[in-house]
Amino acid sequence: MPLRQGTTFSDEAVPDIDPTTTAGLLTERLQAWKHAVGYLEDYIGAVEKIHKAHSKEYEKVLKTISHPLKEGAHFDQGLGGVAGFFENMRVNTQALVNSNAETEKTIKGTVLPIFERLHKEIKAKHKEVSHGAEKGAKEIEKARNNTQKHIELLGQHTASFESTGGKMTPADDPYVIQRQVFYRLNHQIIEENNHRNDLINVQDSFQAFEAHVIQTIQSGMEAFNQVAGGQAEKTRALYTDMLGAAQRIPGDFEWNGFKTREGHRLVDPNDPPRSIDAVTFPNQSHSSTKPLVEGSLERKSRNKLSWGTQSAYYVVTPSKFLHEFKDDDNLRADPKPELSIYLPEAVLGAPSGEKFSVKGKDKSKSISSKLAGSSELAFKAHSAADAQKWFDAIRVAAGATGPAYESQPSSVSDTPVKVEKIDTSGQEAGITGGDTVSSPTAISPAISRKDTVKEEKKEKESSPAEEKKAAA
């Protein structure tokens, strides 16, 4: 255990113990308490600043939801819905702003002064002890110096007593000096005992003072807990209220309200689904959209290496086109003509039984049309009547008058033969022929190609003879 050197003096007249040792220890202890309380002041002051900053930060948080909801008409504006939930968040966040500001003011005005006053008390106690000890130490030091001076004087005169044979002045008599030493030593001891008693009183008061310090710290922390802890509980309660506002919204509340408000704009599940057959659009029934004739036909392939026929869907339109499609389905794929022949520029072969032909240029701008150019297409209908119907429709679309050339019945793809050479200055294209045909059933009889060639030769030979007669 450490030795107690501050409160016990030795038997020497002038001890070597520093009379300020105990006082220094006690003042150092008070300094420690002062610093401890100063730490608490700094801590609580920092918490006070935090709540002040929190108040400002929560103002920033409030700004994030201060504006009304975008597209807010989609939410029920009454309580119990999403709009009410956001209003609850605004109110509670504003309460967080206010409560943190109030907590900052309460800590600054109520809690922090407790520790500031305690700090001042400790500082005053420290000053009291240090000044009292310093004053007592000075008195003791002065008394000890006087005692030491007379003790040294006594030693000088006792040493000279033998050499002088006892002959001395009254002032130098060792007896007198000894009594003077006792007088000064008594004064020194009185000062030392007074200082000792003062230190004992200070030590005894330290227990009560430190108890007071601790009690003050406890009361300050209790006040701090009520303020800061109450703020924490209030924060938790506000967030819990926000959670409750969200949890109280029924899952179908907003949807049911939305259906009530906007039901006239929503799809009625009881309404039957739309059908393309019931849909109408502008110019749907315009005369230019009605085909003159349509149906499936068989056509010999334009590929010379192919010997078969292929079936497709054909349409003659008022725009005077003969279109070929894969089928008559308008829904499965975007219908685009595989083949398009402009009939006024085409040559039509008269039907032969179920067969007829059309010679013209494909204008569909497909790859096959660019490769094929003009070609003759040999068709085969389901019956002779169907073939005649197609012929009549194509003839009307072409705007032709007169007989057509007739395909030989030997093959669908036989080369058509012209009936005769006719002046066609009155028509641009179409069915060739001399006489006007009133009905497809009254087509003029066909003539063989050999007879046509002979007649052409006769006309060429007769032309020079007529020119000579005219010259004569």
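Me: Is phenylalanine 379 buried or exposed, and how do I read that label?
Reply: Go by relative accessible area: buried means under 20%, exposed means over 50%, and partly exposed is in between (1.4 Å probe, protein chains only). Phenylalanine 379 has a relative accessible area of 1%, so it is buried.

Me: Before we go on, what kind of model is this, and what do the values rest on?
Reply: It's a predicted model: local features need pLDDT of at least 70, side-chain atom pairs count only at pLDDT 80 or more, and totals for chains, interfaces and linings use all residues. Residues are numbered from 1 along each chain as its sequence is written, and side-chain values use heavy atoms, with hydrogens and water left out.

Me: On to rings. How many aromatic pairs are there?
Reply: Rings of Phe, Tyr and Trp (its six-membered ring) pair if their centres lie within 6.5 Å; planes under 30 degrees apart are stacked, over 60 edge-to-face, and the rest tilted. This structure has 6 such pairs. One of them joins phenylalanine 85 to phenylalanine 86, edge-to-face, at 5.5 Å centre to centre with 65° between the planes. Phenylalanine 85 comes out at 18% relative accessibility, so it's buried, while phenylalanine 86, at 22%, counts as partly exposed.

Me: Which pair does tyrosine 314 form with phenylalanine 379, stacked or edge-to-face?
Reply: The planes of tyrosine 314 and phenylalanine 379 meet at 85° and the ring centres are 5.1 Å apart, so the pair is edge-to-face. The labels are DSSP runs numbered from the N terminus: helices (H or I) have at least four residues, strands (E) at least two. Tyrosine 314 is buried too, with a relative accessible area of 1%.

Me: Now salt bridges: how many does the structure hold?
Reply: Look for a side-chain nitrogen of Lys or Arg within 4 Å of a carboxyl oxygen of Asp or Glu. There are 8 here. Among them is arginine 265 with glutamate 262, whose closest N and O atoms are 3.4 Å apart. Arginine 265 is exposed at 66% relative accessibility, whereas glutamate 262 is buried at 19%. Another is arginine 332 with aspartate 329, at 2.9 Å between the closest N and O atoms. Arginine 332 is exposed, at 60%, and aspartate 329 partly exposed, at 26%.

Me: Where do lysine 363 and glutamate 345 lie?
Reply: Their side chains meet in a salt bridge, 3.4 Å from N to O. Lysine 363 is in the loop between strand S6 (355-361) and helix H5 (367-372), and glutamate 345 in the loop between strand S4 (339-342) and strand S5 (347-352), so the bridge ties together parts that are 18 residues apart in sequence. Lysine 363 is partly exposed, with a relative accessible area of 37%. There's a network as well: salt bridges that share partners join Asp327, Asp329 and Arg332.

Me: Last one, the backbone. What is phi at glutamate 71?
Reply: Positive, about 50°, although glutamate 71 isn't a glycine. You'll find glutamate 71 in the loop between H1 and helix H2 (82-164), and at 58% relative accessibility it's exposed. Lysine 320 also has a positive phi, near 70°. Lysine 320 is in the loop between S2 and strand S3 (321-325) and is partly exposed at 35%.
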